[in-house]
Amino acid sequence: MNHPAFVRRVLALVLTAAVAVAAALPGFAVYAMPIQTTYPQESIYLFDADTGEALVEQNPDMVRHVASLTKMMTALLVIENGSDLNASITIPDSLTPEFQSIKANRGHTIGLQAGESVRRIDLLYAMLLPSANDAASVLASDAAGGDLAAFAARMNARASQLGCTTTHFSCPHGLYDANNYSTARDLAKIALACYANPTYRQVADTVLYQLPATNVHETRTITTTNKLLQPGSAAYRSYAHGMKTGFTTKAGRCFVTFAQKDGHTYGLVILGSNSQNIFREASELLDWAFTSPELHPVQTTTQPEAAAPAQPEKPLTFWQLLFS
(Lines give C-alpha, C1' and ligand atoms only; values in the text may rest on other atoms or scores of the structure.)
Protein backbone atom coordinates (compact mmCIF):
# COMPACT_ATOMS: atom_id res chain seq x y z
CA MET A 1 0.00 0.00 0.00
CA ASN A 2 1.18 3.50 -0.78
CA HIS A 3 1.03 4.83 2.78
CA PRO A 4 1.78 8.53 2.04
CA ALA A 5 -0.96 8.65 -0.59
CA PHE A 6 -3.41 6.88 1.76
CA VAL A 7 -2.64 9.33 4.57
CA ARG A 8 -3.17 12.27 2.23
CA ARG A 9 -6.58 10.91 1.18
CA VAL A 10 -7.63 10.44 4.81
CA LEU A 11 -6.52 13.95 5.74
CA ALA A 12 -8.38 15.37 2.76
CA LEU A 13 -11.57 13.56 3.81
CA VAL A 14 -11.22 14.79 7.40
CA LEU A 15 -10.66 18.35 6.23
CA THR A 16 -13.67 18.18 3.92
CA ALA A 17 -15.87 16.87 6.74
CA ALA A 18 -14.64 19.59 9.10
CA VAL A 19 -15.45 22.30 6.58
CA ALA A 20 -18.92 20.84 6.02
CA VAL A 21 -19.64 20.71 9.76
CA ALA A 22 -18.44 24.28 10.25
CA ALA A 23 -20.63 25.47 7.39
CA ALA A 24 -23.63 23.73 8.93
CA LEU A 25 -23.23 25.45 12.29
CA PRO A 26 -25.84 28.24 12.51
CA GLY A 27 -24.52 31.74 13.09
CA PHE A 28 -20.91 30.83 13.84
CA ALA A 29 -19.57 33.75 15.87
CA VAL A 30 -16.50 35.27 14.27
CA TYR A 31 -15.34 37.42 17.17
CA ALA A 32 -14.91 36.85 20.89
CA MET A 33 -17.16 38.75 23.28
CA PRO A 34 -15.50 42.20 23.47
CA ILE A 35 -17.20 43.42 26.68
CA GLN A 36 -17.97 42.23 30.20
CA THR A 37 -21.51 40.87 30.13
CA THR A 38 -23.70 41.06 33.21
CA TYR A 39 -24.63 37.37 33.35
CA PRO A 40 -23.11 34.36 31.58
CA GLN A 41 -26.63 33.06 30.89
CA GLU A 42 -27.96 36.17 29.13
CA SER A 43 -28.42 36.04 25.36
CA ILE A 44 -26.59 38.46 23.08
CA TYR A 45 -26.63 38.56 19.30
CA LEU A 46 -24.72 41.28 17.43
CA PHE A 47 -24.91 41.09 13.66
CA ASP A 48 -24.12 42.96 10.46
CA ALA A 49 -27.51 44.12 9.21
CA ASP A 50 -26.24 44.50 5.64
CA THR A 51 -24.85 40.98 5.25
CA GLY A 52 -26.69 39.07 7.99
CA GLU A 53 -23.36 37.87 9.37
CA ALA A 54 -23.27 37.10 13.10
CA LEU A 55 -20.42 39.02 14.73
CA VAL A 56 -20.77 38.27 18.45
CA GLU A 57 -22.92 35.58 20.07
CA GLN A 58 -23.74 34.46 23.58
CA ASN A 59 -26.53 31.90 23.99
CA PRO A 60 -28.21 33.07 20.75
CA ASP A 61 -30.48 30.03 20.49
CA MET A 62 -31.54 29.77 24.13
CA VAL A 63 -35.35 29.79 24.36
CA ARG A 64 -36.45 32.66 26.58
CA HIS A 65 -39.34 34.87 27.56
CA VAL A 66 -39.09 38.08 25.58
CA ALA A 67 -41.50 40.47 27.33
CA SER A 68 -42.39 43.59 25.31
CA LEU A 69 -40.07 42.71 22.43
CA THR A 70 -43.25 40.88 21.40
CA LYS A 71 -44.63 44.28 20.40
CA MET A 72 -42.24 44.43 17.44
CA MET A 73 -44.28 41.73 15.73
CA THR A 74 -47.57 43.35 16.73
CA ALA A 75 -46.48 46.67 15.24
CA LEU A 76 -45.22 45.02 12.06
CA LEU A 77 -48.53 43.23 11.49
CA VAL A 78 -50.58 46.35 12.22
CA ILE A 79 -48.54 48.36 9.72
CA GLU A 80 -48.61 45.60 7.10
CA ASN A 81 -52.37 45.21 7.59
CA GLY A 82 -52.88 48.25 5.38
CA SER A 83 -55.46 50.02 7.54
CA ASP A 84 -55.47 53.81 7.61
CA LEU A 85 -53.15 54.62 10.51
CA ASN A 86 -54.48 58.16 10.78
CA ALA A 87 -58.05 56.97 11.22
CA SER A 88 -59.61 56.71 14.68
CA ILE A 89 -61.03 53.54 16.19
CA THR A 90 -63.41 53.19 19.11
CA ILE A 91 -62.32 50.78 21.84
CA PRO A 92 -64.95 48.04 22.28
CA ASP A 93 -66.42 46.94 25.61
CA SER A 94 -65.10 43.43 24.89
CA LEU A 95 -61.56 44.60 25.78
CA THR A 96 -62.46 45.54 29.36
CA PRO A 97 -61.48 42.08 30.75
CA GLU A 98 -58.17 42.35 28.87
CA PHE A 99 -57.50 45.77 30.41
CA GLN A 100 -58.28 44.34 33.84
CA SER A 101 -55.88 41.45 33.24
CA ILE A 102 -53.11 43.83 32.18
CA LYS A 103 -53.66 45.86 35.34
CA ALA A 104 -53.64 42.70 37.49
CA ASN A 105 -50.27 41.78 35.97
CA ARG A 106 -48.93 45.27 36.72
CA GLY A 107 -48.40 46.04 33.07
CA HIS A 108 -47.74 49.59 31.92
CA THR A 109 -50.69 51.31 30.23
CA ILE A 110 -51.84 54.71 29.03
CA GLY A 111 -55.21 54.20 30.69
CA LEU A 112 -57.29 53.37 27.62
CA GLN A 113 -60.98 52.78 28.26
CA ALA A 114 -63.88 51.18 26.47
CA GLY A 115 -65.68 53.79 24.35
CA GLU A 116 -62.55 55.91 23.89
CA SER A 117 -61.80 56.99 20.32
CA VAL A 118 -58.07 56.93 19.42
CA ARG A 119 -56.11 57.11 16.18
CA ARG A 120 -54.19 53.97 15.21
CA ILE A 121 -50.97 55.94 14.72
CA ASP A 122 -51.20 57.31 18.27
CA LEU A 123 -51.67 53.78 19.58
CA LEU A 124 -48.54 52.71 17.68
CA TYR A 125 -46.51 55.47 19.35
CA ALA A 126 -47.95 54.54 22.75
CA MET A 127 -47.09 50.87 22.20
CA LEU A 128 -43.51 51.37 20.98
CA LEU A 129 -42.30 54.35 23.03
CA PRO A 130 -43.52 53.90 26.64
CA SER A 131 -44.52 50.28 25.86
CA ALA A 132 -48.21 50.56 26.69
CA ASN A 133 -49.74 47.09 26.88
CA ASP A 134 -53.32 48.30 26.51
CA ALA A 135 -52.40 50.02 23.23
CA ALA A 136 -51.02 46.71 21.91
CA SER A 137 -54.24 44.89 22.79
CA VAL A 138 -56.41 47.54 21.14
CA LEU A 139 -54.37 47.44 17.92
CA ALA A 140 -54.40 43.64 17.84
CA SER A 141 -58.14 43.49 18.46
CA ASP A 142 -58.77 46.05 15.76
CA ALA A 143 -56.64 44.19 13.20
CA ALA A 144 -58.21 40.80 13.94
CA GLY A 145 -61.87 41.69 14.29
CA GLY A 146 -61.83 41.52 18.07
CA ASP A 147 -60.15 38.09 18.25
CA LEU A 148 -56.84 38.34 20.17
CA ALA A 149 -56.19 34.60 19.75
CA ALA A 150 -56.55 34.94 15.98
CA PHE A 151 -54.09 37.82 16.03
CA ALA A 152 -51.58 35.69 17.97
CA ALA A 153 -51.93 33.01 15.29
CA ARG A 154 -51.09 35.61 12.65
CA MET A 155 -48.06 36.64 14.68
CA ASN A 156 -46.80 33.06 14.67
CA ALA A 157 -47.43 32.64 10.96
CA ARG A 158 -45.50 35.83 10.16
CA ALA A 159 -42.63 34.76 12.40
CA SER A 160 -42.43 31.50 10.47
CA GLN A 161 -42.39 33.40 7.17
CA LEU A 162 -39.43 35.43 8.43
CA GLY A 163 -37.47 32.25 9.14
CA CYS A 164 -38.01 31.99 12.89
CA THR A 165 -37.73 28.40 14.08
CA THR A 166 -38.02 28.71 17.87
CA THR A 167 -40.60 31.45 18.41
CA HIS A 168 -44.16 31.36 19.69
CA PHE A 169 -46.43 34.28 20.56
CA SER A 170 -49.51 33.94 22.75
CA CYS A 171 -50.44 37.61 23.19
CA PRO A 172 -49.80 40.93 21.41
CA HIS A 173 -47.77 42.61 24.15
CA GLY A 174 -45.62 40.00 25.91
CA LEU A 175 -46.81 40.81 29.41
CA TYR A 176 -48.12 37.26 29.81
CA ASP A 177 -45.04 35.02 29.73
CA ALA A 178 -46.81 31.68 29.30
CA ASN A 179 -46.21 30.24 25.82
CA ASN A 180 -44.69 33.54 24.68
CA TYR A 181 -41.05 32.96 23.84
CA SER A 182 -38.29 33.33 21.27
CA THR A 183 -34.51 33.41 20.89
CA ALA A 184 -32.05 36.20 20.22
CA ARG A 185 -31.37 34.85 16.73
CA ASP A 186 -35.08 34.66 15.86
CA LEU A 187 -35.75 38.14 17.21
CA ALA A 188 -33.00 39.48 14.97
CA LYS A 189 -34.99 38.24 11.97
CA ILE A 190 -38.15 39.97 13.18
CA ALA A 191 -36.19 43.12 13.99
CA LEU A 192 -34.72 43.24 10.47
CA ALA A 193 -38.23 43.23 9.00
CA CYS A 194 -39.22 46.06 11.34
CA TYR A 195 -36.09 48.04 10.55
CA ALA A 196 -36.82 47.73 6.83
CA ASN A 197 -40.27 49.27 7.37
CA PRO A 198 -40.15 53.10 7.17
CA THR A 199 -43.24 53.57 9.34
CA TYR A 200 -41.88 51.37 12.10
CA ARG A 201 -38.55 53.19 12.04
CA GLN A 202 -40.22 56.60 12.13
CA VAL A 203 -42.18 55.67 15.24
CA ALA A 204 -39.39 53.79 17.02
CA ASP A 205 -36.83 56.57 16.41
CA THR A 206 -39.03 59.16 18.14
CA VAL A 207 -37.90 60.39 21.57
CA LEU A 208 -40.91 62.49 22.58
CA TYR A 209 -44.43 62.33 21.18
CA GLN A 210 -47.58 64.25 22.01
CA LEU A 211 -50.69 62.12 22.22
CA PRO A 212 -53.64 64.24 21.06
CA ALA A 213 -56.64 64.69 23.32
CA THR A 214 -59.39 62.09 23.03
CA ASN A 215 -62.98 61.98 24.27
CA VAL A 216 -61.55 60.58 27.54
CA HIS A 217 -58.03 62.01 27.99
CA GLU A 218 -56.40 65.41 27.60
CA THR A 219 -53.26 65.91 25.51
CA ARG A 220 -50.30 63.98 26.93
CA THR A 221 -46.59 63.65 26.16
CA ILE A 222 -44.98 60.21 26.06
CA THR A 223 -41.26 59.35 26.03
CA THR A 224 -39.20 56.50 24.65
CA THR A 225 -37.78 53.94 27.07
CA ASN A 226 -34.70 53.54 24.83
CA LYS A 227 -31.83 55.31 26.63
CA LEU A 228 -29.61 55.14 23.54
CA LEU A 229 -31.98 57.72 22.02
CA GLN A 230 -32.15 60.03 25.06
CA PRO A 231 -29.56 62.85 24.73
CA GLY A 232 -29.27 63.27 28.51
CA SER A 233 -28.43 59.62 29.10
CA ALA A 234 -24.91 58.25 29.61
CA ALA A 235 -25.84 55.55 27.10
CA TYR A 236 -26.91 58.05 24.41
CA ARG A 237 -25.49 57.28 20.97
CA SER A 238 -26.26 59.54 18.03
CA TYR A 239 -25.95 56.61 15.63
CA ALA A 240 -28.64 54.51 17.36
CA HIS A 241 -32.05 53.64 15.93
CA GLY A 242 -34.86 52.74 18.29
CA MET A 243 -36.47 49.35 18.08
CA LYS A 244 -37.87 48.06 21.40
CA THR A 245 -37.22 47.52 25.09
CA GLY A 246 -38.88 44.94 27.33
CA PHE A 247 -39.15 43.68 30.89
CA THR A 248 -40.95 41.09 32.95
CA THR A 249 -39.67 39.31 36.04
CA LYS A 250 -39.17 36.10 34.07
CA ALA A 251 -37.67 37.72 30.98
CA GLY A 252 -35.37 40.20 32.70
CA ARG A 253 -34.34 43.30 30.81
CA CYS A 254 -34.51 42.89 27.04
CA PHE A 255 -33.47 45.21 24.24
CA VAL A 256 -33.30 45.34 20.45
CA THR A 257 -31.62 48.19 18.62
CA PHE A 258 -29.92 49.09 15.36
CA ALA A 259 -27.06 51.49 14.69
CA GLN A 260 -25.93 53.11 11.46
CA LYS A 261 -22.79 55.16 10.74
CA ASP A 262 -20.15 55.55 8.04
CA GLY A 263 -21.92 53.19 5.69
CA HIS A 264 -22.22 50.36 8.23
CA THR A 265 -25.40 49.09 9.92
CA TYR A 266 -25.42 46.76 12.91
CA GLY A 267 -28.28 45.09 14.80
CA LEU A 268 -28.22 43.96 18.41
CA VAL A 269 -30.45 41.76 20.57
CA ILE A 270 -29.92 41.42 24.33
CA LEU A 271 -32.12 39.17 26.48
CA GLY A 272 -32.03 38.52 30.23
CA SER A 273 -29.89 41.42 31.42
CA ASN A 274 -30.72 43.89 34.22
CA SER A 275 -31.70 47.54 34.40
CA GLN A 276 -28.28 48.68 35.64
CA ASN A 277 -26.35 47.21 32.73
CA ILE A 278 -28.42 46.56 29.63
CA PHE A 279 -27.87 49.95 28.00
CA ARG A 280 -24.19 49.93 29.00
CA GLU A 281 -23.81 46.57 27.30
CA ALA A 282 -25.59 47.81 24.19
CA SER A 283 -23.59 51.02 23.85
CA GLU A 284 -20.26 49.25 24.47
CA LEU A 285 -21.02 46.52 21.94
CA LEU A 286 -22.04 49.02 19.27
CA ASP A 287 -19.03 51.25 20.00
CA TRP A 288 -16.85 48.19 19.49
CA ALA A 289 -18.61 47.35 16.22
CA PHE A 290 -17.86 50.78 14.78
CA THR A 291 -14.29 51.12 16.03
CA SER A 292 -12.88 47.59 16.16
CA PRO A 293 -9.74 47.12 14.04
CA GLU A 294 -10.95 43.54 13.57
CA LEU A 295 -14.08 44.74 11.75
CA HIS A 296 -12.48 47.79 10.17
CA PRO A 297 -8.80 47.07 9.48
CA VAL A 298 -6.71 50.12 8.74
CA GLN A 299 -5.89 50.33 5.08
CA THR A 300 -2.18 50.84 4.53
CA THR A 301 -0.93 52.34 1.30
CA THR A 302 2.25 50.96 -0.24
CA GLN A 303 4.83 53.66 -0.85
CA PRO A 304 6.55 53.46 -4.25
CA GLU A 305 10.14 52.39 -4.10
CA ALA A 306 12.56 55.32 -4.19
CA ALA A 307 14.55 55.61 -7.35
CA ALA A 308 18.21 54.68 -7.05
CA PRO A 309 20.38 57.78 -6.67
CA ALA A 310 22.06 58.87 -9.85
CA GLN A 311 25.69 57.84 -10.07
CA PRO A 312 28.15 60.69 -10.73
CA GLU A 313 29.73 60.55 -14.16
CA LYS A 314 33.34 59.33 -14.27
CA PRO A 315 35.88 61.52 -16.09
CA LEU A 316 36.91 60.25 -19.54
CA THR A 317 40.20 58.36 -19.75
CA PHE A 318 43.14 59.40 -21.94
CA TRP A 319 42.31 56.77 -24.60
CA GLN A 320 38.60 57.80 -24.63
CA LEU A 321 39.58 61.39 -25.18
CA LEU A 322 42.05 60.38 -27.89
CA PHE A 323 39.49 58.44 -29.95
CA SER A 324 36.41 60.53 -29.22
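**Confidence, cores and selected residues of a predicted model**

The mean pLDDT of the protein is 88. A pLDDT of 70 or more is reached by 83% of its residues.

Residues are numbered from 1 along each chain as its sequence is written, and side-chain values use heavy atoms, with hydrogens and water left out. Because the model is predicted, local features need pLDDT of at least 70 and side-chain atom pairs count only at pLDDT 80 or more, while totals for chains, interfaces and linings use all residues.

The protein has ten helices and eleven strands. These are DSSP runs, numbered from the N terminus (helices: H or I, at least four residues; strands: E, at least two). Of its 324 residues, 48% count as buried. Buried means under 20% relative accessible area, exposed over 50%, and partly exposed in between (1.4 Å probe, protein chains only). The protein exposes about 16,600 Å². Carbon and sulfur atoms supply 56% of that area. Accessible areas come from the Shrake-Rupley method with a 1.4 Å probe; for residues, only the protein chains shown count as cover. Among contacts between residues at least 6 apart in sequence, 63% join residues at least 24 apart.

The largest nonpolar core holds 64 residues. Such a core is a set of buried Ala, Val, Leu, Ile, Met, Phe, Trp, Tyr and Cys residues joined through side-chain atoms within 4.5 Å. M72, L112, Y200 and M243 touch the most other members. Helix α7 gives this core its largest share, eight residues. A second, separate core has 25 residues, including I278, L285, L286 and L295.

Helix α7 covers residues 184-195. Its twelve residues should span 16 Å at 1.5 Å a residue, and its end C-alpha atoms are 16 Å apart, which agrees. The expected span is 1.5 Å times one less than the number of residues. Ten of the twelve residues are buried, so α7 is largely enclosed by the rest of the structure. Among the ten are R185, D186, C194 and Y195.

K244 lies in strand β9. UniProt places the feature "binding site" at K244, in an unreviewed entry. UniProt positions are given in the numbering used here, feature names are shortened, and annotations may be inferred rather than shown by experiment. K244 is buried, with a relative accessible area of 2%. Leaving aside neighbours within four places in sequence, its contacts include S68, K71, M72, S131, Y200 and C254.

T224 sits in the loop between β8 (220-223) and β9 (240-248). T224 is buried, at 6% relative accessible area. Not counting residues up to four places away in sequence, it touches L129, T206, V207, L229 and Q230.

Y266 belongs to strand β11 (residues 264-273). Y266 is buried, with a relative accessible area of 3%. Y266 and F47 are 219 residues apart in sequence, yet 5.7 Å apart in space, C-alpha to C-alpha.

Key. pLDDT is the predictor's confidence in each residue, from 0 to 100. Contact means heavy atoms within 4.5 Å.
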